Amino acid sequence: MEPLQVAPGIYSVGVRDWNIRDFHGYSTDLGTTYNAFLILDEKVALIDSVKKEFADELLANISRVIDPRRIDFVISNHTELDHAGSLARVMHRIGEDKPLICSKMGAKNLARHFPQKWNYRAVGSGEEVRLGRRTLRFLETRMIHWPDSMFTYALEDGILFSSDGFGQHYAGPETFDDEVGDRILHHAKKYFANILLPYTGLIAKLLQQVAELRLDIRMICPDHGVLWRSNPTKILEAYRTWCRQEPGRSAVVVYDTMWHSTEKMAEAINEGILSAGVPSRPMHLRAWHRSEIVTEVFDARALVVGSPTLNNGLFPTVADFLCYLKGLKPQNKIGAAFGSYGWSGEAVRQIEEELERMKIPRVQEGLRVTFVPDAETIAACHAFGRAIGRAVAESPGASS
Ligand code: FEO
């Protein structure tokens with residue numbers, strides 16, 4: 001079957017990865033897609049490739065439209081190997097001397113991944129390539145989310161090929177956002193929270209730059225998930241909102257436990273937060289994947305973290321989560337720590353130190369209990385949670 005045309009002469013030739021469940025540490029419960037696009041004009045262009053193990057499928061998709069040797073040049077919007085991994089196979093098939101268009105950093109980074117001496121054509125923001133009746137214009141999007149990242153804009157079609165930007169790790173039968181409905185926004189938000197969060201300042205500037213360019217964007221084609229066809233403004237607006245990192249009036253209690261004591265504390269603290277009228281959810285680190293937890297934390301004002309003390313330190317899953325979260329540089333949070341211990345009890349202080357490094361102010365002094373919480377301690381946990389809930393409810397700027 002011929003690949004789908006997303007617009008006249010523009011084919012979606014990428015692949016669905018139905019079975020991936022862990023994308024370098026990100027949970028992909030519904031798989032993902034590696035989108036690539038073939039543009040037929042007087043000249044033929046391929047935008048991006050796919051993961052190495054899907055190279056045959058990509059080339060087969062292209063072959064159903066044209067002989068791959070008719071591709072005049074390849075555009076690499078991003079070097080990461082889920083999009084560049086099959087470039088060696090593609091370039092070998094279409095001709096090693098064909099121009100490979102990428103950003104200046106793309107040329108450097110691709111050369112670090114592939115030994116072949118390809119015919120790199122490095123482009124900067126505003127540079128254009130004519131395909132015939134079509135014009136492709138390039139826009140560098142450095143550090144969104146790699147130094148080499150760029151967008152390609154098909155001027156006459158009003159299509160923005162946005163690489164990872166506006167993507168979602170989602171593989172389904174659908175191709176377009178309107179075929180999925182609003183639930184796709186959860187996947188887009190999870191992608192934003194786990195991949196793009198450290199770069200919100202740059203993304204906000206990029207969105208402003210795009211607005212000032214007055215590009216007529218009729219469709220956004222990211223390299224993951226569905227294409228934003230029905231109302232591309234919706235995802236642009238969502239990104240503007242997410243870049244502000246304005247938390248909702250909610251909390252998340254993230255914890256692990258050895259013998260259920262820290263779990264009992266977590267649930268009592270959560271009840272206390274709820275009693276203040278603030279939505280909250282306890283999230284056990286071995287019941288929830290860290291990337292789902294980060295998506296909840298992204299929306300929340302308060303992050304409450306609990307850990308038992310193991311060998312004078314944090315429980316490993318808690319350390320993993322805090323390390324992961326710290327790299328994402330979340331903003332506008334308040335926090336607190338708690339945990340059960342047997343004899344030394346360092347974990348709570350270590351959580352607080354990590355929260356300090358993330359510039360997350362403490363709303364409550366850490367709460368610790370020796371071994372098993374009794375009724376009095378459970379009441380203290382409830383009060384601890386209620387105070388956190390009140391702090392969330394009274395937070396300036398938190399939206400409900
Ligand atoms: Fe989908 Fe940054 O690669």
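Helix 7 passes helix 8 in a left-handed crossing (the near helix is turned anticlockwise from the far one by less than a right angle). The model is a predicted one, in which local features need pLDDT of at least 70, side-chain atom pairs count only at pLDDT 80 or more, and totals for chains, interfaces and linings use all residues. Residues are numbered from 1 along each chain as its sequence is written, and side-chain values use heavy atoms, with hydrogens and water left out.

**Exercise 1.** Describe how helix 7 and helix 8 pack, and which residues make the contact.

Solution. Begin with the geometry: helix 7 and helix 8 (residues 232-244) pack at an angle of about 140°, their axes being 9 Å apart. Helix 7 is therefore oblique to helix 8, since oblique covers the angles left once those under 35 degrees (roughly parallel), over 145 (roughly antiparallel) and 65 to 115 (roughly perpendicular) are set aside. Next, list the contact (heavy atoms within 4.5 Å): helix 7 supplies Thr200, Ile203, Ala204, Leu207 and Ala211, and helix 8 supplies Leu236, Tyr239, Arg240, Trp242 and Cys243. By class, these residues are eight nonpolar, one polar and one charged.

**Exercise 2.** Characterise the largest cavity by volume, lining and class of residue.

Solution. A cavity is a set of points on a 1 Å grid over the protein atoms alone where a 1.4 Å probe fits but cannot get out, and its lining residues have an atom within 4 Å of a point. The structure holds two cavities of 30 Å³ or more, and the largest has a volume of about 40 Å³. Its lining consists of Ile144, Phe151, Gly165, Phe166, Leu196, Ile203, Leu206, Leu207 and Tyr239. Helix 7 (residues 200-213) gives the most to this lining, with three residues.

**Exercise 3.** Characterise the second largest cavity in the same terms.

Solution. The volume of the second largest cavity is about 30 Å³. Around this cavity stand Phe23, His24, Glu80, Asp82, His145, Asp164, His169, Tyr191, Ile195 and His224, which divide into three nonpolar, four polar and three charged.

**Exercise 4.** State the volume of the largest pocket and the make-up of its lining.

Solution. A pocket is an open set with protein on both sides within 12 Å along at least five of seven lines, and the largest one holds about 450 Å³ of space. Of its 21 lining residues, Leu4, Ser12, Gly14, Arg16 and Thr175 are the closest to the centre. The lining divides into eight nonpolar, eight polar and five charged.

Terms used. Points joined across faces, edges and corners; volume = space filled by probe spheres on them. Helix = DSSP H or I, 4+ residues; strand = E, 2+ residues; numbered from the N terminus. Nonpolar A, V, L, I, M, F, W, Y, C, P; charged D, E, K, R; others polar. Axes fitted to C-alpha atoms, helices over the stretch in contact; angles between N-to-C directions.
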